[in-house]
Amino acid sequence: MMTPEQKFARWVRVSIGSFLLMFVYFIVADIWIPLTPDATVLRVVTPVSARVSGYVARVHVHNNSQVKQGDLLFELDDTPFVNKVEAARIALHQAQLSNDQLDAQLAAARANLKTAQLTARNDKVTFDRYQRLSAMQNVSQQDLDKVRTTWQTSEQAVHNIEASISELTIARGERDDSRNVTLQKYRNALEEAQLNLGWTKIRAEADGTVSNVQLSPGWYASAGSAALALVNDKTDIVADFREKSLRHTVAGTDAAVVFDALPGQVFHAHVTSSDAGILAGQEAVDGQLSQPEESNRWVRDAQRMRIHVALDQPLPKTLPTGARATVQLYNSEGPFASFFSGLQIHLVSLLHYVY
């Protein structure tokens with residue numbers, strides 16, 4: 001029969017042993033099967049805006065509408081954009097007609113050049129003949145000067161027509177319309193007008209859920225100003241662990257996830273990546289001196305680093321972005337990890353029923 005003092009001493013020894021056992025367990029578990037409740041479900045949220053400004057004509061979605069990539073969200077009044085397309089098409093047609101007119105002018109100028117060259121050649125022959133006659137004093141100096149002037153005038157006419165042909169050729173540009181600079185300019189203007197017309201129909205860039213719709217017919221949508229939010233269906237689970245808990249974690253490490261919204265359920269997952277750093281490790285480039293972190297604590301708080309986790313199977317229901325979760329990693333594949341990790345994460349999943 002134990003005395004009260006002996007019973008008390010036994011309970012003290014049991015308590016100390018239990019404490020030491022738990023202390024060792026938490027140290028080992030934090031290395032090989034670390035767990036964190038600081039995990040969040042993130043879904044990419046894209047602010048949807050029009051790429052051109054205009055008045056909203058039709059809205060095809062409402063809050064919480066499920067859309068697929070390419071689905072029409074809303075439309076702008078396309079009347080001014082249709083007019084710009086038509087104006088650009090007319091301008092291109094006018095440029096093509098101008099090139100046709102330049103082709104006709106070039107053809108006429110080349111025909112005139114041949115005539116002028118023949119005239120200049122004949123005038124040169126006449127001048128040479130008069131020079132020979134002048135040497136024999138059979139023509140007067142006045143007649144010789146007159147013939148020389150006629151020949152020089154003909155030569156100048158040839159040069160003038162050649163200069164005109166060069167000017168028309170430059171104005172005409174490349175004969176190949178696909179390389180013609182003038183036509184390319186008007187084609188670009190037409191393509192831009194058509195592109196802007198296409199942008200009057202705003203479509204979903206990814207599968208997701210429409211949220212925070214801030215527009216209605218008649219509302220003026222400014223280019224680049226968000227009119228609604230599109231929450232992507234693809235989820236990303238981010239988890240923040242203490243640095244020492246991640247020393248054996250690599251991409252592909254097995255994990256388990258428990259969601260606050262789905263108590264009692266454990267989902268298998270794996271680590272996809274880890275962030276290169278956190279904001280506390282980024283120095284602001286502002287020309288100021290560095291400011292070391294001040295702490296009067298002997299044991300400072302551990303730094304937390306972020307990893308990304310992907311589920312191995314889809315969720316039974318879509319969780320909103322910002323939903324909270326608990327993530328456990330399997331840094332070891334031994335019997336210790338398989339037994340205690342399963343016990344640990346399932347206990348957490350059951351606790352979510354009450355908190």
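Reader: Where is the place of Thr200?

Author: Thr200 lies in the loop between helix 4 (181–198) and strand 5. Helices (H or I, at least four residues) and strands (E, at least two) are DSSP runs, numbered from the N terminus. Before we go on: this is a predicted model, where local features need pLDDT of at least 70, side-chain atom pairs count only at pLDDT 80 or more, and totals for chains, interfaces and linings use all residues. Residues are numbered from 1 along each chain as its sequence is written, and side-chain values use heavy atoms, with hydrogens and water left out.

Reader: Thr200, buried or exposed?

Author: Thr200 has a relative accessible area of 2%, so Thr200 is buried. Buried means under 20% relative accessible area, exposed over 50%, and partly exposed in between (1.4 Å probe, protein chains only).

Reader: And what is Thr200 in contact with, neighbours within four places in sequence aside?

Author: Val52, Phe74, Glu75, Leu76, Asp78 and Phe81. Contact means heavy atoms within 4.5 Å.

Reader: What's on the strand 2 side?

Author: Strand 2 (residues 54–59) and strand 4 (residues 72–76) are joined by 3 bridges and run antiparallel. Val59 of that pairing stands opposite Phe74, and Val56 stands opposite Leu76.

Reader: How many strands form the open sheet, and in what order?

Author: There are 4 strands, in the order 5-4-2-7, with antiparallel pairing. The edge strands are strand 5 (201–203) and strand 7 (220–221), each of which pairs on one side only.

Reader: How many residues of strand 4 are buried?

Author: 4 of the 5, so strand 4 is largely enclosed by the rest of the structure.

Reader: Switching topic: how many aromatic pairs turn up in the whole structure?

Author: A search finds 3. In one of them, the ring centres of Tyr55 and Tyr220 are 4.9 Å apart with the planes at 65°, so that pair is edge-to-face. Tyr55 is in strand 2 and Tyr220 in strand 7, so the pair ties together parts 165 residues apart in sequence. As for cut-offs, rings of Phe, Tyr and Trp (its six-membered ring) pair if their centres lie within 6.5 Å; planes under 30 degrees apart count as stacked, over 60 as edge-to-face and the rest as tilted.

Reader: Where is Ser245, and what does Ser245 contact?

Author: Ser245 is in the loop between strand 8 (226–242) and strand 9 (254–259). Ser245 counts as buried because its relative accessibility is 1%. Leaving aside neighbours within four places in sequence, Ser245 is in contact with Asp30, Ile31, Pro34 and Asn331.

Reader: Last one, the whole protein. What's the radius of gyration?

Author: The protein has 43 Å, whereas a compact globule of 355 residues would have a value near 20 Å. That radius is taken over C-alpha atoms, and the globule rule is 2.2 Å times the number of residues to the power 0.38. The C-alpha atoms fill a box of roughly 165 × 50 × 40 Å along the principal axes. Of the 355 residues, 30% count as buried, and the secondary structure comes to 5 helices and 12 strands.

Technical notes
Two strands pair if DSSP finds at least two bridges between them.
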